[in-house]
Amino acid sequence: MSDDRLDPYDSGSLSAPLPGAAEAAAAEGATSPAVGRDEWVARHGANLAGRGGIVGTIQARLASVPWWAWLAVLVAIVALIPVGFESGYVRRVAFDTLIYMLLALGLNVVVGWGGLLDLGYIAFYGIGAYAYAMLSSSHFDVHLPSLVSIPLIVALGAVVGLLIGLPSWRLSGDYLAIVTLFFFQLFITITTNGDDVFGIDLTGGSNGISGVAASVDPLSFFGWELPQLTDAGAFNVAYIYVALVVFVIVFVALRFVNLSRTGRAWRSLREDPLAAEMMGMPINWLKLMAFSFGAAVAALTGTIFASLNAGVFPNTFQFPLLITVYAMVILGGAGSMGGVVLGAIIVNVLLEVLREPGDARYVFYVVVLAGLVAVLRFSVRLVVVLGGTILLGFAVHVITSVVSDRAVAGSPAGGGFLTGAVDRWVVLPDSLGAWAPISYVALVAAVLLLTTISGWWRIAALVPTLYLGAFVWENVMLAKPEPTRYILLGAILVTLMVARPAGILGERRVEIV
Amino acid sequence: MAREALLELRGVSMAFGGLNVVDRLDLHVDEGEIVSVIGPNGAGKTTLFNLITGVYEPIDGDIVFAGESIAGLEPHKITQKGIARTFQTLRLFLNMTVRENVMAAAYGHTKAGAFRSMLRTPGQRREEREIRALAEERLAFFGERLMGYRWDQPAYSLSYANRRRLEIARATATKPRLLLLDEPAAGMNPRETQEIAELIGKLRTDGGYTILVIEHDMHVVEGISDRVVALDHGVKIAEGTFDAVATDPRVVEAYLGTGGMARK
C-alpha cells in the first residue's frame with residue numbers, strides 16, 4: 001500500500017502547517033506512517049494532570065493514600081468506639097451504622113456497578129434475618145450453629161437473588177424497578193400474614209419471630225456463644241466486632257471482584273448493555289450475578305441483625321429502610337465503595353444526632369453556614385449577608401422585647417453553648433399559636449422568591465430569609481424533632497445532590513457527550 | 001492466493017414489520033481480505049453488521065463463520081468465536097477508564113470466576129496481568145494517542161477521534177479474526193481520515209485481522225479495499241474492485257438518482 005495512493009490531501013494545506021509536526025516526523029523517521037502523532041498531547045498533556053495550588057496539593061495527597069489505609073483507619077475508629085464510649089446508645093448506633101454500611105455495599109453491587117434498579121433489595125435483607133430466626137431458634141425448634149446457618153442463609157439469599165434477577169433478562173430501568181418493588185411488597189405481605197400458612201405459623205405474623213417463646217439464638221462460633229446482652233443487661237460490644245469483621249471481609253472481597261473481569265463486565269453492563277454483549281460479555285448471566293451478590297450480602301447482614309436483636313419483626317423491613325439505604329448509596333456516590341460506606345455513616349449518624357434538639361442546632365447552623373460559603377465563597381457578599389443577618393436578629397429582638405415581653409418569653413429547646421446566643425438573637429415567644437404555620441409558609445415563600453431574583457437583590461432578600469429560617473427552626477422545627485430530622489436530612493440531600501449529582505465520592509457520570 | 005471464505009452469508013434476509021431491510025443477500029469475506037460495504041443511507045449496511053454479530057437473527061438464510069453456522073447464536077458467543085465490531089454511533093463505556101474499556105473486552109477469552117477473584121488466587125492474578133498487558137499493547141497500536149496518562153482517564157474525556165480509536169482498540173482486545181468497522185472515519189477531519197485509512201491497512205498487516213468495513217468516504221474506500229460491495233435497499237447491486245463498483249451505473253443511480261426525478 002503506497003502512501004501516495006492513500007493520501008488525497010497531501011498536496012493541500014491541511015496537514016502541512018501544523019507546528020511540531022515536522023519535528024515529530026523527523027524524530028520518528030521519514031518512513032514511519034502518520035499514525036499516532038498527537039502534537040496537542042505532546043504539548044499540553046502534562047498540564048492536564050491535575051489542579052494546582054493548595055487544593056490541588058491536598059487532592060493529590062489524598063488520592064495517593066492507598067485504599068487499605070482508609071479501611072484501616074475506619075476499622076481502628078470503629079474498634080475504639082466501645083473503648084471510648086460507655087454509653088450503650090452510642091455502641092448500638094455504631095452497630096447499626098455497620099449494618100447500614102454492609103447494606104449499602106450490597107446495594108452498590110446491583111445499583112452502582114450493575115446499573116440495575118433493584119427496589120426489592122430490602123426483601124433479601126429480610127429473608128436473611130427471617131431465615132436466621134427460623135433456623136436458629138425455638139420457633140421450629142431448629143438450633144443450627146451460626147457457622148452452619150449463616151453460610152446456608154447466604155447461599156439461600158444468593159439463590160433467591162438469582163430468581164428475582166430473572167426478569168432483568170427482558171426488563172430494565174423503570175420496568176425492572178416495578179417488578180422488584182412488587183417482590184418487596186410480596187415479601188412484606190407474606191411476613192405480616194405468615195402466621196397461618198395452611199395451618200403452619202411460618203413467620204409469626206405481625207409479631208414477628210421474637211420474645212421468650214421464639215428465643216432466637218445468639219451468634220455462636222465453635223461452641224463459644226456471644227450473648228445478645230451482657231450480664232448487666234447492656235448491649236454486647238462483641239456484636240460490633242463481629243459486624244466489623246464481616247464488613248472488612250465483604251469490603252475486601254467486593255473490592256477484589258470489582259477490580260476483576262467480573263467487576264469490569266458489571267460496569268460495562270451499566271454503561272452500555274448492547275456494547276458489553278457485543279464485546280463478548282454474557283450480560284444476562286452478569287445481571288443475575290449482580291442480583292445474586294447483592295442479595296447474598298443483604299442476607300448475610302440480615303443474619304447478624306436478627307442474631308443481635310434476638311428476633312425479627314416485619315416492621316423492620318419496610319419501605320423507609322429501602323429509601324434510607326438508597327439515600328446512603330446515592331449520597332455517597334453509587335459505584336464508589338468508599339462513597340457508599342461514607343454515605344451510610346453520614347446518613348445514619350446524622351439521623352441520630354438530629355434526635356436531640358441541642359445537637360440538631362449545631363448541625364443546622366453549620367449546614368447553613370457551609371451552604372452560604374459554598375454559594376457565596378469567601379467574599380464581601382458573604383460578610384454582608386452574615387453581618388446583616390446577625391445585626392438584623394439583634395435589632396428585631398430588641399424591638400420585639402420593647403413591644404411585648406411575652407414575644408420573647410420562650411426559651412430555646414435542648415442544650416449546648418449556642419442556647420445563650422440564640423435566646424438573645426432569635427425571637428422566641430412563649431407560645432407561637434397561629435404564627436407557627438404562617439412563619440413556615442412565609443419561609444417557603446421567601447425561599448421560592450430567592451430563586452426568582454438575582455444579584456444584590458438576592459443578597460438583600462437573603463438576610464431576612466435567613467433570619468426567618470432561624471426563627472422557624474428554633475420555634476417550630478426544634479419543637480418536633482422527629483419530623484424535623486427527616487426534613488433537615490432531606491434538605492441536606494437535595495442541596496448535596498444539586499451541588500454534586502454523582503454523590504460525595506462518586507465519579508462524575510456522563511451519559512452522552 | 002489460496003484463500004478460503006472466513007465469513008459467508010447465504011441468502012440472508014431480514015425484515016422489520018414487512019419492510020425488507022436485507023433481501024436474500026449473498027456475501028463472502030475471505031481470510032486476510034479487506035472488504036468495504038458502501039451504499040446510501042438506509043441501504044441496510046448497519047443491519048448487515050447487526051445480523052453478523054447476532055443482534056438480529058435473520059428470518060431467512062444462513063451465516064457461516066469459519067465453517068460454522070452462527071445464525072441465531074447469542075451475540076457474546078459470536079464475539080467469542082472471533083467476530084468483533086465497532087459502532088457507527090460510538091458506544092464506549094464512557095465512565096470507565098480508557099484502559100478498563102479495553103480490559104473489559106477480554107472477558108470472552110479469560111476464565112477467572114468471581115470467587116477466584118475474591119480470593120485473588122495466583123492464577124487469577126496472572127490472568128489479570130495478562131489482560132492488562134493485552135490492553136496496553138492494543139492501546140499502543142495507536143501510537144501515543146491513547147498512551148500514558150490517558151490510560152487512567154475516563155473514556156468520556158477523549159476527543160471524538162480518540163473515541164473512534166478506542167473503539168477499535170476495544171474490539172481488537174476480544175482477539176477476533178474478523179473485524180467489522182462501522183464507518184470508522186465518520187466525523188473525522190481529512191487528516192484523521194487519512195490516518196484511519198492507514199490504520200486499517202496496519203490492522204491487517206500487523207494485527208492479522210480480516211476486515212469488513214462500512215465507509216462513506218470514497219477516498220478511504222478506494223485506498224483500503226480489496227473488494228467493494230454496494231448495497232441498496234438491502235440488495236447487493238454491485239461487487240468487485242473499487243473502480244468497477246464506483247463506475248457501475250446502478251451504484252451511481254443509487255447514490256444520485258436517475259435524471260431529474262427523485263425515485264419514488
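Is Glu183(B) buried or exposed, and how many other C-beta atoms lie within 10 Å? In this predicted model, Glu183(B) is buried, with 20 other C-beta atoms within 10 Å.

**View 1. Glu183(B), a residue with positive phi in a loop of chain B.** Glu183(B) is located in the loop that runs between β7 and α7 (190-205) of chain B, and its phi is positive, at about 50°, although the residue is not a glycine. Most residues other than glycine have a negative phi. Because 20 or more other C-beta atoms within 10 Å make a residue buried, Glu183(B), with 20, is classed as buried.

**View 2. Lys175(B), in the loop between α6 and β7 of chain B.** Lys175(B), which is likewise not a glycine, has a positive phi near 55°, and is found in the loop between α6 (160-172) and β7 (178-182) of chain B. Lys175(B) is partly exposed, with 17 other C-beta atoms within 10 Å.

**View 3. The largest nonpolar core, which has 181 residues.** Within this core, the residues that touch the most other members are Ala104(A), Leu105(A) and Val325(A). Helix α14 (residues 283-309) of chain A supplies the largest share of the core, namely 17 residues. Apart from this core lies another one, of 19 residues, including Leu428(A), Tyr467(A), Phe471(A) and Trp473(A). In soluble globular proteins, nonpolar side chains tend to be buried together.

**View 4. The contacts of Val325(A).** When residues up to four places away in sequence are not counted, Val325(A) touches Tyr100(A), Leu103(A), Ala104(A) and Leu107(A), and also Tyr121(A) and Ile122(A). One of these partners, Ala104(A), is itself listed with Val325(A) among the residues that touch the most other members of the core.

Technical notes:
Residues are numbered from 1 along each chain as its sequence is written. Chains are lettered from A and ligands numbered from 1 in the order in which they are written. This is a predicted model: local features need pLDDT of at least 70, side-chain atom pairs count only at pLDDT 80 or more; totals for chains, interfaces and linings use all residues. A nonpolar core is a set of buried Ala, Val, Leu, Ile, Met, Phe, Trp, Tyr and Cys residues joined through C-beta atoms within 7 Å. A residue is buried if 20 or more other C-beta atoms lie within 10 Å of its own, exposed if 12 or fewer, and partly exposed in between; C-beta atoms are placed from the backbone. Helices (H or I, at least four residues) and strands (E, at least two) are DSSP runs, numbered from the N terminus. Two residues are in contact if their C-beta atoms, placed from the backbone, lie within 7 Å.
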